[in-house]
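Visitor: I would like to learn how to read the places where parts of a protein meet. Could you walk me through an example?

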Amino acid sequence: MSLLSDPKAAVDDLSRPEAWVLGVSVAFALFLLGALLTGALGPTYFLFLVGLAGMYALLSFGLNAQWGFTGLINFSVAAFFGIGAYGSALMTADSSPIAGGFNPLVGLAVALVVAFVLALLIGIPTLRLRADYLAIASLGLAEVVRLIVLNERWLTNGSAGVRGIPSFFEGWPVFSTLPETMPGLRLVVIPGSPILLGTSFWRASLNVLLVLAFAGATFFVLRRAHRSPWGRVLRTIRSDEDLARALGKNTYSYKMQSFVLGSLIMALAGVFYTHLNLYVGPGDLDPITTFYAWVAVILGGSGSNRGALFGGIVIVTIREGTRFLNDVALPIDPAPLRLLLIGVVIVAVMRYRPQGILPPQRELIWPSAVDDRDPPDPPSSGVREQKGGGGDE
Amino acid sequence: MSEGALPKDDAVLRVDDLQKSFGGLAATDHATFAVERGTITGLIGPNGAGKSTLFNLISGFYEPDGGTVEVNGTDVTGMEPYQVADHGLIRTFQTPRKLEGMTVREAMLVGPRNQPGESFVNLFARPGTVGESESTNLAEAERILEEFEIDHLATQPATDISGGQMKLVELARAMLAEPEVLLLDEPVAGVNPTLAKKLKDQIRRLNEQGTTFLLIEHDMEFVMDLADPIVVLDQGSVLTEGTPEEVQGDDRVIDAYLGGGT
Ligand SMILES: Nc1ncnc2c1ncn2[C@@H]1O[C@H](COP(=O)(O)OP(=O)(O)OP(=O)(O)O)[C@@H](O)[C@H]1O
Ligand SMILES: [Mg+2]
């Protein structure tokens, strides 16, 4: 049922919300294309937005691997994001008060190792206990990490932040000089308003490539994990941990694996952000990032990887889209408007679709095992329909 | 006190002088008994006698205040539930557990222990092995569902089936874990007589195939027909143990039930 080989059948196969999301996405893509062609939206800025969307998708993937799969309540998304961002910034930037100047791949590795250790440190004492202990401990952790970054100037530059961060491809063969060597392009789609594609455009393209690689790899890993016996144990824990224990599953170990996996993905988002923004400051660790990730996951449908992707894109659209409203005379500022919009979206989703827009629907069995046999009756849609989807958060 | 300790040469489960109190209440009070391999042993007693507490102690959900639990000759006292399960003991719960968002056959697939696909690394390092074992387990799950005559429910949401069917699924899933001894907490509570009869047949059949059962049940007709021997628990300790006839004729048992637990 590939979309390319048989588009009609593939579309017929979609559930109503899937078709709806597809329709809205296509319309939105056309709208963006129009804005690009008419010059209303600069191509470089557009690519920056795509990068941001990928970053939020990564954050939601990470949280989904914890909350959506296993039911772990983690309020320190921003901390793990910050660890990723600062970890790679401090290893690679010229202005780094510690090491600095390393290859970004070293920064990536260090960031992931630090996030891994931190996830273990917070997981070991809390994951044996009831779910609320992790929630509270992670809330504290987020604040501790933020305050350390703000106050330990010898380590992090404090409130000044870290500047002089190279692009992720610095020091790579070919890639590092690609933006400069690519020819500048001048596209004329509408006479009179040419679109210029120069070095900054190519640099932004590389970033998009990078985030596509990060998010694509993560999506691939999570999708396979979700449909596996491993993911099934996590889903059992989410639904009823005692049942998993009675059936001989070491739930503590599974919760730890899920927590560490999610934390690493969040740190990956931070690493990407560092090389996208080329500056990190303590403000990047504000709890709002955690809030956005939660909204994205709940909106998309807890437990669903595609839902997390969708939620991440919606968040960026609301966050960045409101900036354009500056031009329009509105009785309300963009910042509060943004929060208002998100609030309205959450209330609407909780009221009309508490399980989220794209909850996981089909049964999750290792694909080769079900393909071997005759297909089951209509893909048991509606299995998740009753699911509360964590509306009580 | 240890009247329950009849001589048993080949005990798959041995409980010795087990104690547990909640605050001032001794829920398990020096309980001692054993389950002989190959039997269907019944565990009865008035409400609040401490039967479920005993299950929780045996399976590692509660930490005992004193005493020991042995499974297959190994001391499992104080172990985690998954470790007790690794020694061959699986338990079900008094209230049916629902797996939200799974189909019946998906919920069944949680049962098999030590699946290759339960290791995260294997998912990427040995996807072929994972797929093979998943196919085998799925076939096995569907075979058991068929034996239990609920194969038509396989792709139904696991939360949308009746309470009795849920009990059947629980038993079927526990069987996929291939336990040597299976502890069932009130398997037919709230189950209609037809379904209860079906469950009884299944338990008997599985027992003939080699699984040992220890089951708690308030339905006297059910338990007296199925189980032998029967252990009677009252106020946390073993009152007596014997054949269904012996137990039914025992005045102390009648007193315990008439007098109420507490
Ligand atoms: N977690 C707990 N905390 C405090 N008291 C408990 C706990 N679990 C059980 N009890 C108490 O221990 C006693 C035994 O309870 P238990 O559930 O083992 O009885 P039971 O024999 O299974 O009864 P029933 O036949 O009604 O299921 C009861 O008085 C109960 O109130
Ligand atoms: Mg009970």
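Guide: We will look at two interfaces, one inside a chain and one between chains. This is a predicted model, in which local features need pLDDT of at least 70 and side-chain atom pairs count only at pLDDT 80 or more, while totals for chains, interfaces and linings use all residues. Residues are numbered from 1 along each chain as its sequence is written, chains are lettered from A and ligands numbered from 1 in the order in which they are written, and side-chain values use heavy atoms, with hydrogens and water left out.

Visitor: Which domains does the assignment give for chain B?

Guide: Domain bounds come from an automatic or database domain assignment. In chain B, domain 1 covers 11-98 + 163-260 and domain 2 covers 102-158. Their C-alpha centres lie 27 Å apart.

Visitor: How many residues of the two domains of chain B are in contact, and what area do they bury?

Guide: Contact means heavy atoms within 4.5 Å; here 18 residues of domain 1 of chain B touch 17 of domain 2 of chain B. Buried area is the accessible area (1.4 Å probe) that two parts lose on being put together, summed over both. For these domains of chain B that is about 1500 Å², with 64% of it on carbon and sulfur atoms. On the domain 1 side, Val169(B), Arg173(B) and Leu176(B) lose the most area, together 36% of what that side buries.

Visitor: How many salt bridges are there between the domains of chain B?

Guide: A salt bridge is a side-chain nitrogen of Lys or Arg within 4 Å of a carboxyl oxygen of Asp or Glu. The count between domain 1 and domain 2 of chain B is three. Lys198(B) and Glu149(B) form a salt bridge, with their closest N and O atoms 3.9 Å apart.

Visitor: Now to the chains: how many residues of chain A and chain B are in contact?

Guide: There, 41 residues of chain A meet 42 of chain B. The two chains bury about 3700 Å² between them, and carbon and sulfur atoms give 59% of that area. The rule finds six salt bridges across this interface; Arg232(A) and Glu134(B) meet in a salt bridge at 2.5 Å, N to O.

Visitor: Which helix of chain A gives the most to the side that touches chain B?

Guide: Helices are DSSP runs (H or I, at least four residues), numbered from the N terminus. Helix 9 (199-226), helix 10 (229-246), helix 11 (251-277) and helix 15 (367-371) of chain A each supply at least two residues of that side. Helix 10 of chain A gives the most, with 12 residues.
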